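Let's take a friendly look at this model together. The report goes through a sheet and then a helix.

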Amino acid sequence: TDPKTGESEGLAFEFNLCEAVASWEQVRNSTTILTKEYIDALPNGWEEYAWRRINKGILLNKCKNRTLCMEKLSLVLPDTSPYVPQQFGSCAVNYTEYVGEKSTFRLLNRGSAKALDKVVELDETKKEALIVKTTIHDVMNKMIRELPITNPVYLMLGTSFGSSAKGTGLKALEFALSICDSVDMYGFTVDPGYKEWTRYFSESRKGHTPLHGRAYYQMMECLGLVKIHSPMRGDPGRVVKWLPTKDIIEAARVASEKLLKRPGAGSVDPLRTCTMIKKRKNGKAPNRSGLRDAATNHLRYMKGATRYPLERSAGGGYLCMINDR
């Protein structure tokens with residue numbers, strides 16, 4: 001039951017597949033880590049956007065003093081993204097009982113970010129990357145400097161999916177899909193016929209609508225974005241027997257972008273709508289993490305623009321910024 005309206009949720013939901021395909025294919029070909037490069041590339045990026053990623057940023061007068069904003073963001077703002085699309089083959093999200101205790105990334109909400117000192121105690125290696133989905137806070141900066149915290153800490157850029165699905169769980173999947181070729185999700189109760197509640201989507205609260213969220217995850221599975229492993233399913237061994245091929249998804253992306261009138265819609269060249277890459281100096285390759293050593297590099301050039309080198313992963317994903325992001 002929705003706590004605000006008192007109404008019961010329905011058992012069936014309709015989603016806009018065009019919006020879903022276009023948005024998720026954009027996620028799979030973009031970085032979800034906030035970078036200085038991204039802010040610089042946005043029209044009035046510092047005045048209109050950067051201050052929104054700082055707690056109480058409205059007091060900074062829209063970053064007219066850019067030095068002060070940079071100082072507050074500097075500990076979590078890399079020049080370029082440390083991760084790129086399809087950098088990893090596969091990823092698993094959530095539920096220690098099924099995937100083990102080895103973690104590479106940990107997504108933090110506002111409460112966890114303010115208790116950063118407690119969070120890092122969970123990681124014995126001190127190498128786990130901490131991805132904050134909200135804003136940088138003075139308390140967090142102080143802990144990073146004074147403890148010190150050696151784990152890499154970043155802010156998540158993120159995409160808006162409207163009211164279709166919300167919560168840290170969806171953001172974890174979004175981050176995973178931006179760097180992994182395939183994603184397995186564990187511990188999310190997603191089907192009618194579940195045998196017990198879990199902590200994920202267990203009740204309606206502050207915009208979290210359990211059955212709506214579960215239906216959205218089912219749609220993601222049917223699009224081949226994720227593979228759901230849920231012991232709470234009526235049939236735990238259930239698998240989606242038909243999944244769209246990459247060619248079908250690509251055709252759907254092109255058609256969806258045209259219907260939605262996205263920038264660069266229908267282009268067979270995924271670089272057509274990139275803007276950040278064009279700002280790099282001629283001949284200067286973008287920075288990348290050491291984890292990309294196994295990936296292949298290709299030089300690609302944009303028609304009518306200055307020549308530039310572009311990093312391309314073995315899976316074919318590009319590091320770029322789409323205009324409407």
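## The open sheet

In this predicted model, 3 strands form an open sheet with parallel pairing, in the order E2-E3-E4. Strands here are DSSP E runs of at least two residues, helices are H or I runs of at least four, and both are numbered from the N terminus. Strand E2 (105–108) and strand E4 (153–155) are at the edges with a single partner strand each, so one side of each has no neighbour in the sheet. From one strand to the next, the twist averages 25 degrees.

Strand E3 (residues 129–132) pairs with E4 in the parallel sense over 3 bridges (pairing requires at least two DSSP bridges between two strands). Val132 has Leu155 in E4 as its bridge partner. Helix H9 (residues 168–179) packs on the sheet and touches E2 and E3 (contact means heavy atoms within 4.5 Å). The direction of H9 makes about 140 degrees with that of E2; such angles run from 0 to 180 degrees between N-to-C directions, with axes fitted to C-alpha atoms, for helices over the stretch in contact.

## Two faces of helix H11

In H11, Ile249, Arg253, Val254, Ser256 and Glu257 are buried (under 20% relative accessible area; exposed is over 50%, with a 1.4 Å probe and protein chains only). These residues cover an arc of only 165 degrees around the axis, which puts them on the same side of H11; the arc is taken from the directions from the helix axis to the C-beta atoms. Helix H1 (17–28) is included in what covers them. The face turned away from the buried side carries the exposed residues Asp247, Lys258 and Leu259.

Just after H11, Lys261 takes a positive phi of about 55 degrees.

## Reading notes

Residues are numbered from 1 along each chain as its sequence is written, and side-chain values use heavy atoms, leaving out hydrogens and water. Local features need pLDDT of at least 70 and side-chain atom pairs count only at pLDDT 80 or more, while totals for chains, interfaces and linings use all residues.
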